[in-house]
Amino acid sequence: MGSVGAKEVPVLLSPEGLRIDGRKLDELRPLSIRAGALHQADGSAAVEWGANKVLAAVYGPREVHPRHLQQNHKAVIQCRYNMAAFSVDERKRPGLDRRSQEISKVIGEAFESVVFVEEYPRTSIDIYIEVLQANAGTRCAGVVAASVALADAGIPMADLLPAVAVGKVGGAIALDLKKEEDNFGEADLPMALVPQSGRLVLLQMEGHLTEPELAQALDLGVKGCREIYEQMKRALRERYAVGPTAGASS
Ligand code: CDP
């Protein structure tokens, strides 16, 4: 442990280039995705990603509530990201705060770009993301879970939406930050990619990066998203596989 003032700062990168949990700079945390994890929703998914545990439930297309949000030419996507009070070290006050409102908004907007909203005018597609355990990157885990849940609900989309946060830790660009890296690192850059077009539909940044570092971070994030994409497709294939293992969660 190094120290800055009174605050203990962990050593984020070893001389061998390994991270606090032993990962390489371009290595994802272990990721498991289960499509169709909840029975009541039209579509659902459970994601465990490192120490993150996130559920997504999707309903729709269905009637719009509140009614005044209805759009005549397309479906509205209403997304609610919520963190359970017990999901973090210090109990989070229950309910929507500014952070969860912001995250709900950016995730909803990201899905507006891939869901074929024009096909369902005057309806609502509702996405609920519940973070049960948080360890950085929960908005990305939420996007991954919601994306698989949308596909599970049979909602037509241009593509799935893999997402990951890249950042700078101990002076180096690193994939998929965990909590200590997010807290004590130099930058955090969550992103979501439309794999087939290569378009980023969610991109945020906290901290500082030089232009070459930003280019490197985007490159690494895109590679990470493509790895995650394969796992998302695998989860859907497992859910809908025909054969003796089919319908394992139904
Ligand atoms: O989770 P994500 O990285 O998308 O969002 P963030 O705002 O950068 O938060 C990073 C992490 O800080 C979260 O994943 C939680 O582990 C933690 N956090 C917390 O402990 N208490 C909060 N009220 C909010 C976040």
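Where does the ligand sit? The ligand sits in the largest pocket, a pocket being, on a 1 Å grid over the protein atoms alone, an open set of points with protein on both sides within 12 Å along at least five of seven lines. To sit there, more than half of a molecule's atoms must lie within 2 Å of the pocket's grid points.

Residues are numbered from 1 along each chain as its sequence is written, and side-chain values use heavy atoms, leaving out hydrogens and water.

The average pLDDT (the predictor's confidence in each residue, from 0 to 100) is 94, and 94% of the residues score at least 70. Residues 1-6, however, have pLDDT below 50, and residues 246-250 stay under 50. Where pLDDT is low, the predicted coordinates should not be read in detail.

Now back to the ligand. Its surroundings (residues with a heavy atom within 4 Å) include Met 83, Val 88, Arg 99, Asn 135, Thr 138, Lys 179 and Asp 188. Helices α2 (138-152) and α3 (179-184) each supply at least two residues of this shell; helices here are DSSP runs (H or I) of at least four residues, numbered from the N terminus.

Ligand oxygen atoms lie 2.7 Å from a polar backbone atom of Gly 137, 3.5 Å from one of Ala 134, and 3.3 Å from a side-chain N or O atom of Asp 182. The protein covers 79% of the 510 Å² of accessible area that the ligand has on its own, by the Shrake-Rupley method with a 1.4 Å probe.

Terms used
This is a predicted model: local features need pLDDT of at least 70, side-chain atom pairs count only at pLDDT 80 or more; totals for chains, interfaces and linings use all residues. Contact means heavy atoms within 4.5 Å. A polar contact is a pair of N or O atoms within 3.5 Å; within protein, one must be able to donate a hydrogen and the other to accept it, and residues adjacent in sequence count only if both atoms are side-chain atoms. On a 1 Å grid over the protein atoms alone, a cavity is a set of points where a 1.4 Å probe fits but cannot get out, and a pocket is an open set with protein on both sides within 12 Å along at least five of seven lines; lining residues have an atom within 4 Å of a point.
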